[in-house]
Structures are given as C-alpha cells and as structure tokens.
Amino acid sequence: MSLFDYFSAAAVPPDTTGKTLVVGEPAVLSAAEDFLKRLEARFGPSVLGLVGDGLYNGQRPTVELPERYRAGAKRLRRLQPPRVIMLGRASERFELAAEAPCPAYWVNATDPRSAQAGCRRIMVAGEPQSRAIPGARLTGDPLLALETLPEAAMPDELCERFREFRNRGYWISYFAATGEGEEALAYGVFFELARQRQGLLVLAPRDPDRYEPVYRESLRYHLPTNRHGRLMTSYVPHQTRVYYVEDTQVMNRLYGCVDFVVAGATLDERARHAPDLITPMAYGRPVIVGPAHRRHPAVESALAARVVLYADHTDALVEACRLLANDPGRRESLAREAHSWLQQQVGAADRVLQLIE
C-alpha cells in the first residue's frame, strides 16, 4: 500500500458533503431517477454512493465506495451525510450501514443480514422479504413509481378473433414488445411447444422500424401467419400459427386474450427498451422473464417476490412456456399472486419517504 493510496482512500469530491447519501449498485441507481427526485424534493440534494460493478449512466454527483483500504467507510465518514439510504442489494455492503455516522435506512432490502446492520428502518418490496428479514416493513418498491395501476380494458371483439382456438383447446402465447434478437427465440419456443400440442404464437415487436424486417425474416419459418393489420375477417383462422401484430394501439389490448406472456426485453441484452411486466400483470396474465436486464427495477422486484417465472436459458424458457400452456391452474395462481403483489406496489414511494427522517 503506497502513501498515495493511503491518503487518497478517504478523499471525496468537492461539494458532496452534508447531503443525503444513497448507496447502491450503478444499474439500480441509474433506474432510480424518479425516486431520487422525490427524495430530493423532501430532503434536498443527494449524493450517490457507488458499490459493485457497472457504470452509472445518470447525471447526479457520485462517490465510489470501494472495500479496498476500507475506503468506503472512510469516505462515508468524510461525507458527513445526515442520513444514509442503502438501496436494493447494495452489493451486500452491510458494514457501510453499520458504520454510518448518522441514521441508516435500507430500502428494498433482500438479505436477512441487513437486519444486523443497525439500520433505523428496513423496508422491503414484497412478502417473501418481509418474512425473511426480522423487523422489516412491507412498503412495496418505490423504484417502480406506481401511483395507480394501468387500466386493463375488458376483453372485447379483439379477443373474439381467437374463438376457434379456444374451442379447439389450443394454447395462446404472447411474446410481447420484443426487441433485437428475441423473435428467433419466440419461434424456437413455438416449435418445441407445438411438438406436444398445437397452439398460437402472438408476436409483437416493440419498435415500429422493425415491423417489416422482422416479418420478412419470419417468412423462412414457413408458418401460416396472419398480420393483424391485414386480417379482414372477424376471426383468426384456426390453421394460423403466428398472429403478427404491427399496431401499438392493439398490443396492450391483446394481453386480455392470451394464456401467458413472455416479456420482451428480458430475453436478449440487445433489446434496449425497458421491459414491461406491469401491464400484463394488471390484465391478470402470468408472465415469464428471461435473463436479460435483470437489474431493471420491475424485473428485479418481481423475481424477488417470485411472482413471475424465470428462465435463464432457452431450455428453461421452453419448459416455463410448456408449464403455463398445459396447466390452467398454475396460470391462474401465478397471475393472482402477481396481481396481488402489483397492488402492494401502488403508492410505495410515499410509504418509503414517510419512514425516512
């Protein structure tokens, strides 16, 4: 250890002292902008304490809190914050909360060890965490920024289009708001499921610029396909295998017509838009997520609460889809648990802020 390392371990950037310190992993802090704005509206300017790997892509002042040379603890004392807020997993840096020279709060706690860190209050997003962490308050996840639930339209004539599929006992899957690299997975899963029992793949790319290219690429699969915008009849012919959607006004309404949803932007890291788990849950549909963008607040919270099925590779995705295609009871129970969890998230930011002093 050099003298330079020793003396610089406690150094902090100018104009970062005396402010609320929010400690978290860069990806979590990047997705927490709405919560940070509300926090600052109540307590004034904040500073972000970065722990773990990754890059913070926001514009707020940051301080790295590394473990080496106990630099994190030294900088924490140098910052003299009036309060420390540990956010999410926070790379399990329990010592930062324990050594904070001010009240510490843990928001979206996930580990029972947070109960031993001396926090004034511990807040969790879901019931599994509230049962696992002694003394935790079930507040919901403030990063979801849910003030009300999305309006879920009642099934209408759109769902009537699939009457023939229902009458024949076919399953209807929905790969919703897919991004780059995800449609090929959807077709692969469909082929595997169709080996056992016939069904329908509803496919809706999110980006309008990709509608035509994705459709042209799909022609090589040689599947009977109906494009929503070009279907002139009142129902989808039962020999259809793919219902291809190119209308943003229709995408959400289709949630009410399907058996289960595979959330786009969770299957491939090249999909750059934010996953939407909230809308299908509001429609009462069970949701499957893949391994991409796990640090997105909605994905991380839903996984921690166990209200979605998780598939970390292609075979697991096939099995998750097969389970929901063949088991109506599992579909109903998962959708019911997800909707109950979703209701718990409404107003979470207000509840969390009321518990921070």
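**Aromatic groups, cysteines and sheets**

Analyst: One aromatic cluster is made up of Trp171, Tyr187, Phe190, Phe191 and Tyr221. The model is a predicted one.

User: How many aromatic pairs does the count come to?

Analyst: Rings pair here if their centres lie within 6.5 Å. By this rule, the number of aromatic pairs is 10.

User: Is the pair of Phe94 and Trp106 stacked, tilted or edge-to-face?

Analyst: The ring centres of Phe94 and Trp106 are 5.4 Å apart, and the planes stand at 35°. Planes under 30 degrees apart would count as stacked and those over 60 as edge-to-face. The angle of 35° therefore makes the pair of Phe94 and Trp106 tilted.

User: How many residues apart are Phe94 and Trp106, and in which elements do they lie?

Analyst: The pair links distant parts of the chain. Phe94 belongs to helix α5 (residues 94-98) and Trp106 to strand β5, and the two are 12 residues apart.

User: Is the pair of Phe162 and Tyr243 stacked, tilted or edge-to-face?

Analyst: The rings of Phe162 and Tyr243 have centres 5.2 Å apart. Their planes are at 85°, so the pair is edge-to-face.

User: Where in the chain do Phe162 and Tyr243 lie, and how many residues apart are they?

Analyst: Phe162 is in the loop between α7 (157-160) and α8 (163-167), whereas Tyr243 is in strand β11 (residues 242-244). Phe162 is buried at a relative accessible area of 1%, and Tyr243 is buried at 0%. The pair links distant parts of the chain, 81 residues apart.

User: Is the link of Cys159 and Cys257 left-handed or right-handed?

Analyst: Both Cys159 and Cys257 are buried. The angle about their S-S bond is -80°, and the link is left-handed.

User: How many residues apart in sequence are the parts that Cys159 and Cys257 tie together?

Analyst: Cys159 lies in helix α7, and Cys257 lies in the loop between α11 (248-251) and β12 (260-263). The pair therefore ties together parts of the chain whose separation in sequence is 98 residues.

User: Which side chain makes a polar contact with that of Ser46?

Analyst: Ser46 lies in strand β2 (residues 46-50) and, at 3% relative accessibility, counts as buried. Leaving aside neighbours within four places in sequence, the contacts of Ser46 include Lys19, Thr20, Arg60 and Pro61. The polar contact, of 2.8 Å, is with the side chain of Glu40.

User: Which residue of β5 is the bridge partner of Met86?

Analyst: Strand β4 (residues 84-87) runs parallel to β5, and 4 bridges join them. Both faces of β5 (residues 104-107) are covered, with Ala104 and Trp106 buried on one side and Tyr105 and Val107 buried on the other. The partner of Met86 is Trp106.

User: Which residue of β6 stands opposite Val107?

Analyst: β5 and strand β6 (residues 121-124) run parallel and are joined by 3 bridges. Opposite Val107 stands Met123.

User: Which strands stand at the edges of the open sheet of 7 strands?

Analyst: The order of the sheet is β10-β11-β9-β8-β12-β13-β14, with parallel pairing. Each edge strand has a single partner, so one side of each is left without a neighbour in the sheet. The edge strands are β10 (225-227) and β14 (309-310).

User: Which residue of β12 is the bridge partner of Ser173?

Analyst: Strand β8 (residues 171-178) and β12 run parallel, joined by 4 bridges. The partner of Ser173 in β12 is Phe260.

How values were computed
Residues are numbered from 1 along each chain as its sequence is written. This is a predicted model: local features need pLDDT of at least 70, side-chain atom pairs count only at pLDDT 80 or more; totals for chains, interfaces and linings use all residues. Side-chain values use heavy atoms; hydrogens and water are left out. Buried means under 20% relative accessible area, exposed over 50%, partly exposed in between (1.4 Å probe, protein chains only). Two strands pair if DSSP finds at least two bridges between them. Rings of Phe, Tyr and Trp (its six-membered ring) pair if their centres lie within 6.5 Å; planes under 30 degrees apart count as stacked, over 60 as edge-to-face and the rest as tilted. A disulfide is a pair of cysteine sulfur atoms within 2.5 Å. A polar contact is a pair of N or O atoms within 3.5 Å; within protein, one must be able to donate a hydrogen and the other to accept it, and residues adjacent in sequence count only if both atoms are side-chain atoms. Contact means heavy atoms within 4.5 Å.
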